[in-house]
Amino acid sequence: MSVDPQQFLRELFATAIDAAHPQQVLEAHLPTDRSGRVIVIGAGKAAAAMAQVVERCWQGEVSGLVVTRYGHGAPCEKIEVVEAAHPVPDAAGLAVAKRVLELVSNLGEDDRVIFLLSGGGSALLALPAQGITLADKQSINKALLKSGATIGEMNCVRKHLSAIKGGRLGKACWPATVYTYAISDVPGDLATVIASGPTVADPSTSAEALAILKRYGIEVPASVRNWLQSAESETVKPGDPCLARSHFQLIARPQQSLEAAAVKARQAGFSPLILGDLEGESREVAKVHAGIARQVVLHGQPMAAPCVILSGGETTVTVRGNGRGGRNAEFLLSLTDSLKGLPGVYALAGDTDGIDGSEDNAGAIMTPDSYARAAALGLSASDELDNNNGYGYFAALDALIVTEPTRTNVNDFRAILILESTKNDA
């Protein structure tokens, strides 16, 4: 089998991204009747690319406003695109959230709203609840990002501190008909979790939000605590009649991207093993992947090489050091430390939005000689892991993957390519 392992891993990553791109997945889900006036709003890393598709496909009058992350914009003629900060919200996100809410308020029964939603929308569409400042939300968000909290836990808190999330945007659109088209970046693809569910009912409670803050030892101002202890802080609950005309459609999810990569792997002669959407600490998830890879190499189980192990989802990093690096760099650094140059094993980990956390890379690539090459440069994988310095480690090896913003987001993509097994059948 003749294949360039690193190039092939890059091709798998590109396949996963393409399978979730708005240009590929949105048009087929738009309403059959595309005449008449429609108001388009949106939030997320894919929002601008999604808006482009609506503009191209809609035959009637189109207007609206979407917000995306800085650098993730795309040229639209009828729908305004605004860029704001992610993952910590800024004043631009606050201003556009106010405008979005105003745009959909006071609509009638004959009005139609298309809401384009993707990962990152929670931070980008930031409108604090009454009595809570943007600075409060920023500090809590930063603390949650460093705490190791899951995306579901973070979004539970965000929803209850917001004037727009947890179904509140959908309620503001009433009595207009709302079509939400979502690209999932969360394990389980729950509508309530994707960008904190602005147009869907939310079963979580303010008490749960308070418990999460307590669990991770996050101090909050008295204004935040008082708000979360009040009845007003509750989100829109299932059965609320104001959401009766709000429709939610998932148009892309991580599983689709994993399956697309699996098809490409089979075509190249590799047996794929899809582990699915995973959560947990990046370094611990990497140890599990390392154990599976080692079992394949040494024992030909659960499948024989050549094969590819695929997984997605969103891991977390509890920040302890002062290094640079997102979830994917941390995963690969832990994998490198665990495998220590196991022959025939290559790996890629990257974020499908093109940004690993808050860095300028999408991810990185590990090769069988990464461990030894780094050691020759005086870099200890375990020491760099202690310092959360995955970015620095792979930058030194010239192994970072830089894609620029992809304008989609089905979260992380991991592929471990195993070329051969040392299992002796004699």
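Trainee: Which strands does helix α11 lie across, and at about how many degrees does it run to β7?

Mentor: In this predicted model, helix α11 covers residues 254–267. The strands it lies across are β7, β8 (307–313) and β12 (412–418). Its direction relative to β7 is about 165 degrees.

Trainee: What is the strand order of the open sheet with mixed pairing?

Mentor: That sheet has 6 strands. Its edges are β7 (271–278) and β11 (400–401), each with a single partner strand, so one side of each has no neighbour in the sheet. Read across, the order is β7-β8-β12-β9-β10-β11.

Trainee: Which strands are the edge strands of the open sheet with parallel pairing?

Mentor: This sheet also holds 6 strands, in the order β3-β2-β1-β4-β5-β6. Neighbouring strands in it are turned against each other by 15 degrees on average, direction ignored. An edge strand pairs on one side only, and here that describes β3 (79–84) and β6 (246–252).

Trainee: Over how many bridges do β5 and β6 pair, and what is the bridge partner of V178?

Mentor: Strand β5 runs over residues 177–183, and it pairs with β6 in the parallel sense. The pairing has 6 bridges. In β6, the partner of V178 is S246.

Trainee: How many residues of domain 1 are in contact with domain 2?

Mentor: Domain 1 is made of two stretches, 5–16 and 255–418, while domain 2 is 22–252. The C-alpha centres of the two domains lie 30 Å apart. On the domain 2 side 28 residues take part in the contact, and on the domain 1 side the number is 21.

Trainee: How many residues of the largest pocket's lining are polar?

Mentor: Helices α5 (121–124), α6 (134–147) and α7 (151–160) each supply at least two residues of this lining. By class, the lining has 13 nonpolar and 11 charged residues. The polar residues number 19.

Trainee: Which helix gives the most to the lining of the largest cavity?

Mentor: The largest cavity holds about 80 Å³ of space, and the structure has 3 cavities of 30 Å³ or more. Its lining residues include P89, S122, K137, L144 and R158. Helices α5, α6 and α7 each supply at least two lining residues. The one that gives the most, with 4 residues, is α6.

Trainee: How many nonpolar residues line the second largest cavity?

Mentor: About 50 Å³ of space lies in the second largest cavity. Among its lining residues are T336, L339, V345, M366 and Y371. By class there are 3 polar and 1 charged, and the nonpolar count is 6.

Methods
Residues are numbered from 1 along each chain as its sequence is written. This is a predicted model: local features need pLDDT of at least 70, side-chain atom pairs count only at pLDDT 80 or more; totals for chains, interfaces and linings use all residues. Side-chain values use heavy atoms; hydrogens and water are left out. Two strands pair if DSSP finds at least two bridges between them. Axes are lines fitted to C-alpha atoms, for helices over the stretch in contact, and angles run from 0 to 180 degrees between N-to-C directions. Ala, Val, Leu, Ile, Met, Phe, Trp, Tyr, Cys and Pro count as nonpolar, Asp, Glu, Lys and Arg as charged, and the others, Gly among them, as polar. Domain bounds come from an automatic or database domain assignment. Contact means heavy atoms within 4.5 Å. On a 1 Å grid over the protein atoms alone, a cavity is a set of points where a 1.4 Å probe fits but cannot get out, and a pocket is an open set with protein on both sides within 12 Å along at least five of seven lines; lining residues have an atom within 4 Å of a point. Grid points are joined across faces, edges and corners, and a volume is the space filled by probe spheres set on the points.
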